[in-house]
Amino acid sequence: MGRLPVGSRASGSGSPSVSDRNLLWARLDQAVQEHDAPLPTPVFVVDLDAFDANATDLVRRAAGTPIRLASKSVRVPALITRALARDGIQGVLAYTLREALWLHANGVCDDIVVAYPTVDRRALAELVASPSAAAAITIMVDDVAHLDLVDAVRSSPAVPVRVAIDVDAGLRVAGQHVGPKRSPLHDTAAVVALARAIVAREGLRLVGAMTYEGQVAGLPDSVPTARSRSMVVRRLKALSLTQLAVRRREIADALHELADLEFWNAGGSGSVEDSAADPVVTEVAAGSGLLVPTLFDHYRSFRPVPAAFFGVPVTRRPAPGVATVHGGGLVASGPAGPDRLPTPWAPAGLRLTGLEGAGEVQTPLSGSPADQLQIGDLVWFRHAKSGEPFEHATTVQLLSGSRFVDAAPSYRGCGQAF
Ligand SMILES: Cc1ncc(COP(=O)(O)O)c(C=O)c1O
C-alpha cells in the first residue's frame, strides 16, 4: 500500500485533521494485515477507542441525567451491551417492538422504551402474552387507535402494558411547524385527553412521556461551508428550546394530576446538554454520538470522533488520479442529497466523482492519493447515518489500537432485520 504522511492527533476542536485520518488509515491497515485470516469485504469496523471516548463525552454532556441508548443508531448487540455497562447510560430506546422483544428475550436489556408507535399485531400479542416482557418494555402511543390495537390482540387485560405518550416537540413559529412530523399531540389539552383515555382503560399503565426535539438534536449548526445557514439554525434551536421548556412544564404539571410518570425522555445526540438541562426531563436519548457518522460532524455541542468505518478494496485503476473500489454505495435514508452519500475517509483526499457518485458494486474515487493505491488496497468510508451501514453487515470487527480484538455480529448477523 502507498504511504501517506501520518501525524500525531491534532489538538483543539473541529473535524479530524488529514493527519488524524491518515493515522487511522495506518491503524486500520495494520489491523487488516495482522488479522489471522483474510477478511471478506466490505470490512465493517468499529473503533472501540473512539466509541468509548464518545460514550464518556455523552455522559459528561448529560451532566448527571441518564442517557437512554437509541439502539437504531447502533444495531450491534455487543456494542449496545458495552455502552449499557457504563455508569450514566441505562436502558434502550428501541425502534420496533419486535426489536425490543428480541433484546429482552436475549438478555441484552430489561428496560426498553419503543420510541415509535407500533401496529405490529403479532409483536403486541407476544408482548401481552409475556408478563416479564410486558414489565420490561414500554410502548409509545400518540393516538387512541394505538390503544385499540393493544386491546384487539388480547382477550383479557391481565398483563398490564406499559405506555408512554409521544408529545410533539416541534417549534411553532409564524403559523409553521418546525420539527419532525410525528405526534399530533402538541397542546396540553390534546396530551391530557389521550392520557385520560389511557388511565381509563384496564390493563394499560401510563408510565412515561417523550418529547423528541429533532430540530435541535438532529440539525448540524456549525457547518464551515454554510455559515449563515448555521447561524439561522442556531437561532431556531434557541427559540425551540425556550418555547418547548414552557410547554413541557405545563404538560408535565397536567399529567402529574393523572399519573405518576416514571420517566420523561427527550433529545438526541446533538442536544444532550440542552435536553438534560430541562428539569422536566429525566433522561436523554442518544445513539449516533457513539459512532459519529458524517451527518454529526458539524455540531457546536461536541467534537466529532468518528468510530464506524467500512473498507472496500481497490479493484481497478482506470486512469491516473482515479482508483475504483468494489462496492461503496451505502447511501443513508432521509432527504436525498449529497450529504446522504458515504464519504471516502481514509486515506484522506479521495472523493466521489460527480458522474457516478457512490455505486452499489463499483465506485470510482478521484484525488491525489488514488495514484498511491494499489489493486487490493482498502479504502475506508464513513456512512452518513449511524446504525444503517450494519444492515449490510453480518459481522463487525472491533478495533483497539491497531488490532482487531474481537468480531461482533450485527442484528443481521443474529438473523434479525427489524
Ligand atoms: C425518538 C428519538 N429519540 C432520539 C433520537 C436520537 O438518536 P441519535 O442520538 O442517534 O441521533 C431519535 C433519532 O432519530 C429519535 O427518533
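Where is Ala-63 found? Ala-63 is in the loop between α2 and β2 (67-70). The model shown in the views below is predicted.

**View 1**
Ala-63, in the loop between α2 and β2, has phi near 50°, a positive value in a residue other than glycine. Its relative accessibility is 67%, so Ala-63 counts as exposed. Ala-62 lies in helix α2. Ala-62 counts as buried because its relative accessibility is 2%, which is under the 20% limit.

**View 1. Val-292, a residue with positive phi in the loop between α12 and β12.**
Val-292 lies in the loop that joins α12 (288-291) and β12 (308-319). Phi of Val-292 is near 50°, and this positive value occurs in a residue other than glycine. Is Val-292 buried or exposed? Val-292 counts as buried, because its relative accessibility is 0%.

**View 2. The ligand and the residues around the ligand.**
How many residues surround the ligand? There are 17, and the closest are Ser-73, Tyr-116, Arg-182, Ser-269 and Ser-288. By class, this shell has nine nonpolar, six polar and two charged residues.

**View 3. The largest nonpolar core.**
The largest nonpolar core of the model has 107 residues. Leu-97, Ile-137 and Ile-165 are the residues with the most contacts inside this core. Which helix gives the largest share of the core? Helix α2 (residues 48-62) does, with six residues. The core also draws at least three residues from each of two domains, domain 1 (18-48 + 303-414) and domain 2 (49-287). In soluble globular proteins, nonpolar side chains tend to be buried together.

The peptide bond from Thr-41 to Pro-42 is cis, with omega near -5°. Pro-42 is in the loop between α1 (18-34) and β1 (43-47). The peptide bond from Ala-346 to Pro-347 is cis as well, with omega near 5°. Pro-347 lies in the loop between β14 (343-346) and β15 (351-352).

**View 4. Ser-230 and the polar contacts of its side chain.**
Ser-230 is part of helix α10 (residues 227-256). With a relative accessible area of 3%, Ser-230 is buried. What does the side chain of Ser-230 reach at 2.9 Å? At that distance the side chain of Ser-230 reaches the backbone nitrogen of Val-223. The side chain of Ser-230 also reaches the backbone oxygen of Ala-226, at 2.8 Å.

**View 5. Pro-389, in the loop between β17 and β18.**
Pro-389 is found between β17 (378-382) and β18 (395-400), in the loop. Pro-389 has a relative accessible area of 7% and is therefore buried. Pro-389 and Val-74 are 315 residues apart in sequence, and the distance from C-alpha to C-alpha is 9.6 Å.

**View 6. Ser-183, in the loop between β8 and α8.**
Ser-183 has its place in the loop between β8 (176-178) and α8 (188-200). Why is Ser-183 classed as buried? Its relative accessible area is 7%, and residues under 20% are buried, so Ser-183 belongs to that class. Ser-183 and Phe-309 are 126 residues apart along the chain, and their C-alpha atoms are separated by 34 Å.

Note on methods
Residues numbered from 1 in each chain as written. Predicted model: local features only at pLDDT ≥ 70, side-chain atom pairs only at ≥ 80, totals over all residues. Heavy atoms only, no water. Near = heavy atom within 4 Å. Nonpolar A, V, L, I, M, F, W, Y, C, P; charged D, E, K, R; others polar. Core = buried A, V, L, I, M, F, W, Y, C linked by side-chain atoms within 4.5 Å. Buried < 20%, exposed > 50% of the residue type's maximum accessible area, 1.4 Å probe, protein only. Helix = DSSP H or I, 4+ residues; strand = E, 2+ residues; numbered from the N terminus. Domains from an automatic or database assignment. Polar contact = N/O pair within 3.5 Å; in protein donor to acceptor, adjacent residues only side chain to side chain.
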